[in-house]
Amino acid sequence: MASSTLLLFSVLTLFFLASCSEENIPLTITLPLTSTFTSKPSIDSTVFLQEFASASMSRAYYLKNGNSTNNISRIKTPLFPRSYGYHTIPLSFGTPPQRLSYLVDTGSHVVWAPCTTHYKCINCSLSDPKHVPIFNPQLSTSSKTLSCKNPKCTGGCPSCHGNSKNCSHACPPYHLQYGSGAESGYFLLENLHLPGKIIHNFLVGCTTTGFREISTDALAGFGRSMSSLPVQMGVKKFAYCLNSHYFDDTRNSSRLIFDYRDGDTKGLSYTPFLNNPPNRQIYYYLGVKGMMIGNKLLAIPSKYLAPGSDGRGGVMVDSGDTYGYMTRPVFKIVTNELKKQMSKYRRSREVEEAFGFTPCYNFTGQKSLKIPNLIYHFKGGATMVVPGKRYFTFLPRIPFGCFSVSTDTDETLEVIPALSIILGNYMQVNHYIEFDLKNNRLGLRPQTC
């Protein structure tokens, strides 16, 4: 998700044009990828970095171990970076519409919002539980509790004794795990308002309790599931270009595009989505042919670069993880080469111990830095070049920087079948990334967002 991992952004503007006649409905609808604006983080930046490091690792551990279109062709929404490491878009549910910011999470599959003035967020240290924006179903004339007999109630109804068709009970509550955090609530059917379009009976979660979340924003799951936002919208593909964020909120937004059209997008190179392991069906897996640090090709065993039938290996794209993750053997290969190419800089063990990242360097007195690119060569010919400033985190006001990708602290975790690499949103900044659901592929191109 973007849950108790680091994250997210702000309130965006959705233009509701339901009164338009069909002939006047625009072919393109624009919504921003956004952030709530505050000039400075509310707590010391070092605390944020420590929380982000812990949250990335928790999310990686969880992901590893699991648990009608009218005439609209495209919908664009503003996409905002947030101080806690995520990005958000504005969505409006209910009648009349209630607009909230929703975290964009390609690593989960449920759309939900806090939905009660009594919402509890337990141990949510970086959120303000007294000022939680909520969706209030009591103020909506279109809100309906999901019943057991509705096919969208996929979790089963024990109280119906096997006969859900004639059962009058509500669908059982949900419990969603996001790394070190979790959310609980119940499902509703609601109207989702989009520019020039309304989607009726949209499945949305009404969350009543959270645990150890960094943000109390609502969340939109974009994963490979019938309950995700893009699948319920019926789009053929969606795309985004993430703004740079330095863990402060900003009014600057980029765009997230929902596209009902098929076909190639100009300037993109593509890599196919791979078949998912049975217990990880919602994730977007990619096959990697090779990885490089600078001009050095890394000798990474192929078993780590594509998912096997046993659930081991593979590379996942996750907008709900800030820094990303590498399994221990891959991490060692990458950082050993990185250390060689950055040997002229002084290591800082103290910073490594304080923040949980390694390697870290003291750049005191350096007028310029040379950090090599991290390059992914994907199957199908697509390439992602990640510059040093997108996988290194630099500490505010002090001349230190760290390789900010999390890894396992325990060597024994390698025996657990798990994915090998998570491409977090920090690495995705300044790339146009298209998730082509119709053709089962990911499109990429570098772009200033």
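A disulfide is a pair of cysteine sulfur atoms within 2.5 Å. The structure holds 5 of them. One joins Cys360 and Cys402, with sulfur atoms 2.0 Å apart. The model is predicted: local features need pLDDT of at least 70, side-chain atom pairs count only at pLDDT 80 or more, and totals for chains, interfaces and linings use all residues. Residues are numbered from 1 along each chain as its sequence is written, and side-chain values use heavy atoms, with hydrogens and water left out.

Confidence comes next. pLDDT is the predictor's confidence in each residue, from 0 to 100. The protein averages 81. A score of at least 70 is reached by 78% of the residues. Two stretches call for caution. Over residues 2–30, pLDDT stays under 50. The model has 147 contacts for that stretch beyond four places in sequence, where contact means heavy atoms within 4.5 Å. Over residues 35–48, pLDDT also stays under 50. Here the model has 33 contacts beyond four places in sequence.

Back to the disulfides. The link of Cys360 and Cys402 is right-handed, with 110° about the S-S bond. The pair links distant parts of the chain, 42 residues apart. Cys360 sits in strand E22 (residues 360–362), and Cys402 sits in strand E26 (residues 400–403). Helices (H or I, at least four residues) and strands (E, at least two) are DSSP runs, numbered from the N terminus. Both Cys360 and Cys402 are buried. Buried means under 20% relative accessible area, exposed over 50%, and partly exposed in between (1.4 Å probe, protein chains only).

Another disulfide is formed by Cys241 and Cys449, whose sulfur atoms are 1.8 Å apart. This pair also links distant parts of the chain, 208 residues apart. Cys241 belongs to strand E13 (residues 237–241). Cys449 belongs to the segment after strand E29 (441–446). The torsion about the S-S bond of Cys241 and Cys449 is about -75°, so this disulfide is left-handed. Cys241 counts as buried because its relative accessibility is 5%. Cys449 counts as partly exposed because its value is 28%.

A further disulfide joins Cys153 to Cys171, S to S 2.1 Å. Both cysteines lie in the loop between strand E8 (144–145) and strand E9 (174–178), 18 residues apart. Cys153 counts as buried, because its relative accessibility is 10%. Cys171 counts as buried at 10% too.

Now to the interior. In soluble globular proteins, nonpolar side chains tend to be buried together. A nonpolar core is a set of buried Ala, Val, Leu, Ile, Met, Phe, Trp, Tyr and Cys residues joined through side-chain atoms within 4.5 Å. The largest one here has 71 residues. Those with the most contacts inside it are Leu229, Met233, Phe258, Met291, Met326 and Tyr376. Apart from this core lies another, of 18 residues, among them Leu146, Cys148, Cys157 and Cys160. Not counting residues up to four places away in sequence, its partners include Met291, Met326, Met384, Ile421 and Leu423.

A charged residue is buried as well. Glu337 lies in helix H3 (residues 328–341). Glu337 is buried yet has no salt bridge. A salt bridge is a side-chain nitrogen of Lys or Arg within 4 Å of a carboxyl oxygen of Asp or Glu. Lys and Arg count as positive and Asp and Glu as negative, while His and the chain ends are not counted. The nearest side chain of opposite charge to Glu337 is Lys340, 4.3 Å away. Leaving aside neighbours within four places in sequence, Glu337 is in contact with Ile293, Lys296 and Leu298.

The backbone has some details to look for. The peptide bond joining Thr95 and Pro96 is cis, with omega about 0°. Pro96 is in the loop between strand E4 (87–93) and strand E5 (98–105). The bond from Thr358 to Pro359 is also cis, with omega near -5°. Pro359 is in the loop between helix H4 (349–355) and E22.

Phi is worth a look at two asparagines. Asn430 has a positive phi, near 60°. Asn430 lies in the loop between helix H5 (425–428) and strand E28 (431–436). Asn430 counts as partly exposed because its relative accessibility is 27%. Asn440 has a positive phi near 55°. Asn440 lies in the loop between E28 and E29. Asn440 is partly exposed, with a relative accessible area of 31%.
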